[in-house]
Amino acid sequence: MWVLVGPGGAGRPIRSAADLRDWLCAAPPGERAEPFTYVVDGAAVLRLAPRRSEHVACAGGGPVPAAGEMGFREESGRWRVDAVSNQSTGYCPDTASWPDVAAALTAAGIAHPAGFTHPVVFRRRTRCREVNIVREGDFTCVFCDADLPRAWNVDGDRKPADRR
């Protein structure tokens, strides 16, 4: 995934509702119908990339406080966020990253929901070192069948290769 990070390869910075409108209007209609890859970068700016883009590439390889997928819909001539998650296996952000997402959207003047519409709970099993997605409140490692920690413990701002 790190080979995808090159000069100028970071996602498009969205600093205003006009930036979002211009970017979405330039995207093919089929692409606009899907969620996009997003990160909030170290400067608290929202960056967007096509859905199948890697989050680490969207961030330009740097650490981020938030990452996931975000969908938009047009309402009364303005684009708003209608779906947003923290689903990023490159960064595995905690659900507590929502305030960073909300702040970036608010700063850009983009309407958004009050929280993640699709929150994802990530946990790392300390013994086998595997990252898990907790489903239906079952804090059991799918790799070694041991209990997972209740508190977030995934260091999402380190390179994925450093996680093992």
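Over which residues does pLDDT stay under 50, and how many contacts beyond four places in sequence does the model have for them? In this predicted model, the stretch in question comprises residues 156–164, for which 20 such contacts are present. A further stretch, residues 1–7, also has pLDDT below 50, and 14 contacts beyond near neighbours in sequence are found for it in the model. For the protein chain as a whole, the mean pLDDT is 89, with 89% of the residues reaching 70 or more. When confidence is considered by element, the lowest mean, 88, belongs to helix H2 (residues 29–32), whereas the highest, 98, belongs to helix H4 (residues 98–108).

The protein chain contains four helices and seven strands, and these elements follow one another from the N terminus in the order β-α-α-β-β-α-β-β-α-β-β. Of the contacts between residues at least 6 apart in sequence, 57% join residues at least 24 apart.

Helix H4 was examined in more detail. Its buried residues are Trp 98, Val 101, Ala 102, Ala 104, Leu 105 and Ala 108; viewed down the helix axis, they fall within an arc of 165°, and therefore line one face of H4. An α-helix has 3.6 residues a turn, so residues three or four places apart point the same way. On the other side of H4, Pro 99, Thr 106 and Ala 107 are exposed. The packing partners of the buried residues of H4 are helix H1 (17–26) together with the strands E1 (12–14), E2 (36–40), E3 (46–49), E4 (66–75) and E5 (78–84). The helix is followed by Gly 109, for which phi is positive, near 75°.

Positive phi values also occur in residues other than glycine, including Cys 92, with phi near 50°, and Asp 145, with phi near 65°. Most residues other than glycine have a negative phi. Cys 92 lies in the loop between E5 and H4, and it counts as buried because its relative accessibility, 2%, is under the 20% cut-off. Asp 145, by contrast, is placed in the segment after strand E7 (131–134), and its relative accessibility of 62% is over 50%, so that this residue counts as exposed.

Technical notes:
Residues numbered from 1 in each chain as written. Predicted model: local features only at pLDDT ≥ 70, side-chain atom pairs only at ≥ 80, totals over all residues. Heavy atoms only, no water. pLDDT = per-residue confidence, 0-100. Helix = DSSP H or I, 4+ residues; strand = E, 2+ residues; numbered from the N terminus. Contact = heavy atoms within 4.5 Å. Buried < 20%, exposed > 50% of the residue type's maximum accessible area, 1.4 Å probe, protein only. Arc of directions from axis to C-beta.
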